[in-house]
Amino acid sequence: MPDPTTLTLYCEPCPRCALHAWQRIERGRLLWTSEWRCDTCGFGAPEPWNRSEGQGRPPEEVRAALVVAEGTVLLRVGGAGGAGLRLLRDALGLTMQELLTAVRDGYDATPVEARFLTGLLSGAG
Ligand SMILES: [Zn+2]
């Protein structure tokens with residue numbers, strides 16, 4: 001007799017199943033939420049499947065869904081008028097390598113991240 005929990009893990013979403021993700025700013029914190037839902041096969045209905053939430057920079061697959069849905073805003077990093085390096089590290093937990101890349105190429109922030117960082121910058125300055 002298979003364990004029902006195991007069965008859910010092995011269910012196969014149809015090709016239209018998608019990870020939905022969004023971000024928001026709440027009490028000065030950057031928060032994200034994601035869940036699997038599908039209008040085609042009803043996956044994730046009535047209860048959202050595998051909903052997860054967190055703070056700061058979302059995991060890669062969540063962030064990818066955000067970028068697809070909302071696009072990105074290129075933030076200039078470092079230098080005059082650029083977002084502070086320390087701010088970027090503290091708020092989004094970027095590694096040193098990612099920071100260096102961001103200084104060179106700019107940082108592809110989601111619109112909510114951009115608003116969050118800009119808000120922090122104006123508050124800090
Ligand atoms: Zn589906």
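Why is the arrangement of the four donor atoms around the zinc ion tetrahedral? The donor atoms subtend angles of 98 to 120° around the zinc ion, which makes the arrangement tetrahedral, a term used for four donors if all angles lie between 85 and 135 degrees. The model is predicted, so that local features need pLDDT of at least 70 and side-chain atom pairs count only at pLDDT 80 or more, while totals for chains, interfaces and linings use all residues. Residues are numbered from 1 along each chain as its sequence is written, and side-chain values use heavy atoms, with hydrogens and water left out.

The zinc ion is coordinated by the SG atoms of Cys14, Cys17, Cys38 and Cys41, at 2.2 to 2.3 Å, where donors are N, O and S atoms within 2.8 Å of the metal (3.2 Å for Na, K and Ca). Along the chain these donors follow the spacing C-x2-C-x20-C-x2-C. Cys17, in the loop between helix H1 (4–9) and strand S1 (18–26), and Cys38, in the loop between strand S2 (29–37) and strand S3 (49–55), link distant parts of the chain, 21 residues apart. Both Cys17 and Cys38 are buried, that is, under 20% relative accessible area with a 1.4 Å probe and protein chains only. Helices (at least four residues) and strands (at least two) are DSSP runs.

The strands form an open sheet of three in the order S1-S2-S3, with antiparallel pairing, where two strands pair if DSSP finds at least two bridges between them. S1 and S3 stand at the edges, each with a single partner strand, so one side of each is left without a neighbour in the sheet.

How values were computed: Tetrahedral: all angles 85-135°; square planar, octahedral: opposite > 155°, others 65-115°. Buried < 20%, exposed > 50% of the residue type's maximum accessible area, 1.4 Å probe, protein only.
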